[in-house]
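Q: I'm new to this one, could you walk me through a few of its residues? Show me the model before we start.
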Amino acid sequence: EMDMSALLSQAGFPVEGGVPDSCTVSASQWKEFCAQFHTVLTLLRQIATVWNMEEPCVISSFDMDRQGTVQALANEPPGTFIC
């Protein structure tokens, strides 16, 4: 539930009452999401060659800011990704 709340907050939806049972996404919001998602996929394709395929390391969370990301990566091997 915390991940969904973080996603909704980052997408600009009010989350004062927790995670809603459903939410309506406008055409412009969907278009913006698709554009951002496409950008992320493009980046992943570009950096795929540096991924350590033998022992991939992924740190995952929807609620990470820059400081949290830097701390999470501090002791991880090169090629570690934040998802």
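Q: Where is Phe33 placed?
A: Phe33 sits in helix α2, a helix being a DSSP run of H or I with at least four residues, numbered from the N terminus. This is a predicted model, in which local features need pLDDT of at least 70, side-chain atom pairs count only at pLDDT 80 or more, and totals for chains, interfaces and linings use all residues. Residues are numbered from 1 along each chain as its sequence is written, and side-chain values use heavy atoms, with hydrogens and water left out.

Q: And how many aromatic pairs does the structure hold?
A: The structure holds two aromatic pairs. In one of them, Phe33 and Phe37 are stacked, at 5.7 Å centre to centre with 10° between the planes; rings of Phe, Tyr and Trp (its six-membered ring) pair if their centres lie within 6.5 Å, and planes under 30 degrees apart count as stacked, over 60 as edge-to-face and the rest as tilted.

Q: What separates Phe33 and Phe37 along the helix?
A: About one helical turn, because Phe33 and Phe37 are four residues apart in helix α2. Together with Trp30, Phe33 and Phe37 form one aromatic cluster.

Q: Switching topic, which helix does Gln36 lie in?
A: Gln36 lies in helix α2, which covers residues 27-47.

Q: Is Gln36 buried, exposed or partly exposed?
A: Gln36 is partly exposed, with a relative accessible area of 48%, where buried means under 20%, exposed over 50% and partly exposed in between (1.4 Å probe, protein chains only). Phe37 is also partly exposed, at 45%.

Definitions and conventions. Helix = DSSP H or I, 4+ residues; strand = E, 2+ residues; numbered from the N terminus.
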